[in-house]
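Biologist: Please take a close look at one residue and its setting. Then walk me through the helix packing around that part.

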Amino acid sequence: MKRLTLLATVAAASFALPAFAVEKTDMLANYANIAAAKYGDSLITAQRLKAAVDALVANPSAENLTAARHAWLAARVPYQQTEVYRFGNAIVDDWEGKVNAWPLDEGLIDYVDASYGGPSDENEFAALNVVANTTFDLSGSDIDASAITPDFLSETLHEADGVEANVATGYHAIEFLLWGQDLNGHGAGAGNRPWTDYAMAADCTNGNCDRRGAYLIAATDLLVSDLEWMAAQWAEGGAARTELTLDTDAGLAAILTGMGSLSYGEQAGERMRLGLMLNDPEEEHDCFSDNTHNSHYYDGLGIQNVYLGEYVRVDGTLVSGASVSDMVAAADAALDVEMQGKLSTTMTALGRIKTAAEAGFAYDQMLERGNVAGEALIMGGVNGLIDQTRSIERVVTTLGLDGIAFEGSDSLDDPNAVFQ
């Protein structure tokens, strides 16, 4: 979700560029290597998810549904750490909506509870339920939905009628198909889709189990192919790596833009402060699975590991090298200490949210109006993210870069507008 308002424009420093302890080219190469590792891990875990999904559809059971859910949760860990590559790298931003768009009107995909409602003025297809319908009308054209394929999802259904909430692909579409709606409000519990939603013949619940299985397989296959494409862009000779290194100052600006925009407008604002202001469990990033605490944590970790120039892969190996931290330390050692300290403080705050959720205090419970403990936990993360953004602004100035615009959020920049 993008609400692009200007947070800060940092003027170019009037002094000469400092002498860096590392070459910019080395730092950019390591940044690209980490991107390749992160997207590579995202692909590996998505392939494991595909294997689990294939097993579920071929042999529906409670055990296989649980295994597919665990595979989805594992796949989120490396992917969320890639989000810091957004905002500054156009090739990532242009692609990201295919794999991680949210929030979604889940009634587009499958059955929903009666309380969900029907079509609205904003979205005619909010309750289309393509799993149950083999044909539908789109802008005056008859659409044949008899075959649910990756191409159908990506080219016809995703963002149907130009509506961003018509999310038909990516992690969250798969999440909904694995968990179903979370109907607990601010109460404990995630979605509770029965495994029999994928059973055959007389054991099938809620109808159209074959088409539901076909949708789940198509969406997962598409996720794998999309991640294959992005991993290739960061490999040696890939378009994203090449674009990054065409201009070293522009490459460094891309890194800091990603760090600042994810810290401030996207995570602190749209993903955390906004949901707290609205006290709305539907504003959770992973709202069907109750996994939002992990999404927030690994987003924050992605920012930290880009600054430090290190990433631990899913197999435990370390990718590391020249970093932004090295460059800042050479120019202003005290600022580097400050930046590292604030990143650590933010991770501690996000870790508290994660620990509390894993102990049974779910993120949607934290969002409930009047829940003082939940508000304190979430605002600890929000405040840490805002505070580290101020230091990122100082890094921009210290490294002598031209004006950089970070993504903003009405929830932080104009709170009254949220309720208008």
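Modeller: N100 is buried, because its relative accessible area is 0% (buried means under 20%, exposed over 50%, partly exposed in between, with a 1.4 Å probe and protein chains only). Before going on, note that this is a predicted model: local features need pLDDT of at least 70, side-chain atom pairs count only at pLDDT 80 or more, and totals for chains, interfaces and linings use all residues. Residues are numbered from 1 along each chain as its sequence is written, and side-chain values use heavy atoms, with hydrogens and water left out.

N100 sits in helix 3 (residues 90-100). Helices here are DSSP runs of H or I with at least four residues, numbered from the N terminus. Leaving aside residues up to four places away in sequence, N100 touches R76, Y79, Q80, E83, Y171, H172, R271 and H285. Contact means heavy atoms within 4.5 Å. With R76, the N100 side chain also makes a side-chain polar contact of 2.9 Å. Such a contact is a pair of N or O atoms within 3.5 Å; within protein, one must be able to donate a hydrogen and the other to accept it, and residues adjacent in sequence count only if both atoms are side-chain atoms.

Now the helix pair. The axes of helix 2 (residues 62-80) and helix 3 come within 14 Å and cross at roughly 165 degrees. Helix 2 is therefore roughly antiparallel to helix 3 (angles over 145 degrees count as roughly antiparallel, on a scale from 0 to 180 degrees between N-to-C directions). Their crossing is left-handed: the near helix is turned anticlockwise from the far one by less than a right angle. From helix 2, R76, Y79 and Q80 meet W95, E96, V99 and N100 of helix 3. By class, this contact has three nonpolar, two polar and two charged residues. Ala, Val, Leu, Ile, Met, Phe, Trp, Tyr, Cys and Pro count as nonpolar, Asp, Glu, Lys and Arg as charged, and the others, Gly among them, as polar.

The axes of helix 8 (residues 248-278) and helix 9 (residues 292-308) come within 10 Å and cross at roughly 165 degrees. These two helices are therefore roughly antiparallel to each other. Residues in their contact include R271 and M272 of helix 8, and H296 and D299 of helix 9. The contact of helix 8 with helix 9 has seven nonpolar, four polar and two charged residues.

Terms used. Parallel < 35°, antiparallel > 145°, perpendicular 65-115°, else oblique.
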